[in-house]
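Subject: Structure for you to look at

Dear colleague,

I am passing on the structure below, together with notes on what was found in it. Please keep it open while you read, as the notes refer to individual residues.

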Amino acid sequence: MKLSAKARYAVRILLDLAQHDARGPIRTADISSRTGVTVRFIEQILKPLKKAGMVQSTRGAAGGYILAEKPEAIN
């Protein structure tokens, strides 16, 4: 089974959010620097993930994205 680039990047992004969950909301620029995915593409990927209820976003200077559930609860 071959996954699309978008699906592979979505897994990378979700893994990064899980690894840095304790720090609070994570900015897309920080995710980009750690995963190697452009900010623009990350935003395109996070939009459907947010709509599906997998991630939540916070606006503002201290805003960013977090997982909707604790990493331990995801299987």
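The notes below cover the ground rules, the helices, the core and the charged side chains.

This is a predicted model, in which local features need pLDDT of at least 70 and side-chain atom pairs count only at pLDDT 80 or more, while totals for chains, interfaces and linings use all residues. Residues are numbered from 1 along each chain as its sequence is written, and side-chain values use heavy atoms, with hydrogens and water left out.

Within helix 3, Ile 42, Ile 45, Leu 46 and Leu 49 are buried, where buried means under 20% relative accessible area, exposed means over 50%, and partly exposed lies in between (1.4 Å probe, protein chains only). The buried residues of helix 3 pack against helix 1 (5-19), helix 2 (28-35), strand 1 (55-58) and strand 2 (64-67), with contact meaning heavy atoms within 4.5 Å. Just after helix 3, Gly 53 takes a positive phi of about 85°.

In helix 2, the buried residues are Thr 28, Ile 31, Ser 32 and Thr 35. They lie on the same side of helix 2, because they cover an arc of only 100° around the axis, the arc being that of the directions from the helix axis to the C-beta atoms. Helix 1, helix 3 and strand 2 are among the elements that cover these buried residues. Helix 2 is followed by Gly 36, whose phi is positive, near 85°; Gly 36 lies in the loop between helix 2 and helix 3 and is exposed, with a relative accessible area of 65%.

The largest nonpolar core has 14 residues, of which Ile 13, Leu 17, Ile 31, Ile 42, Leu 46, Leu 49 and Val 55 touch the most other members. Helix 1, helix 3 and strand 2 each supply at least two residues of this core. A nonpolar core is a set of buried Ala, Val, Leu, Ile, Met, Phe, Trp, Tyr and Cys residues joined through side-chain atoms within 4.5 Å. Leaving aside residues up to four places away in sequence, Leu 17 touches Ile 26, Ile 31, Leu 46, Val 55, Tyr 65 and Leu 67.

Turning to charge, a salt bridge is a side-chain nitrogen of Lys or Arg within 4 Å of a carboxyl oxygen of Asp or Glu, and by this rule the count comes to two. In one of them, the side chains of Arg 34 and Asp 16 meet at 2.8 Å, N to O. This pair links distant parts of the chain, with Arg 34 in helix 2 and Asp 16 in helix 1, 18 residues apart. Arg 34 is partly exposed at 37% relative accessibility, whereas Asp 16 is buried at 4%. Another salt bridge joins Asp 30 and Arg 27 (3.4 Å, N to O).

Asp 21, in the loop between helix 1 and helix 2, is buried yet has no salt bridge, and the nearest side chain of opposite charge, Lys 70, is 4.1 Å away. For such charges, Lys and Arg count as positive and Asp and Glu as negative, while His and the chain ends are not counted.

With best wishes

Definitions and conventions. Helix = DSSP H or I, 4+ residues; strand = E, 2+ residues; numbered from the N terminus.
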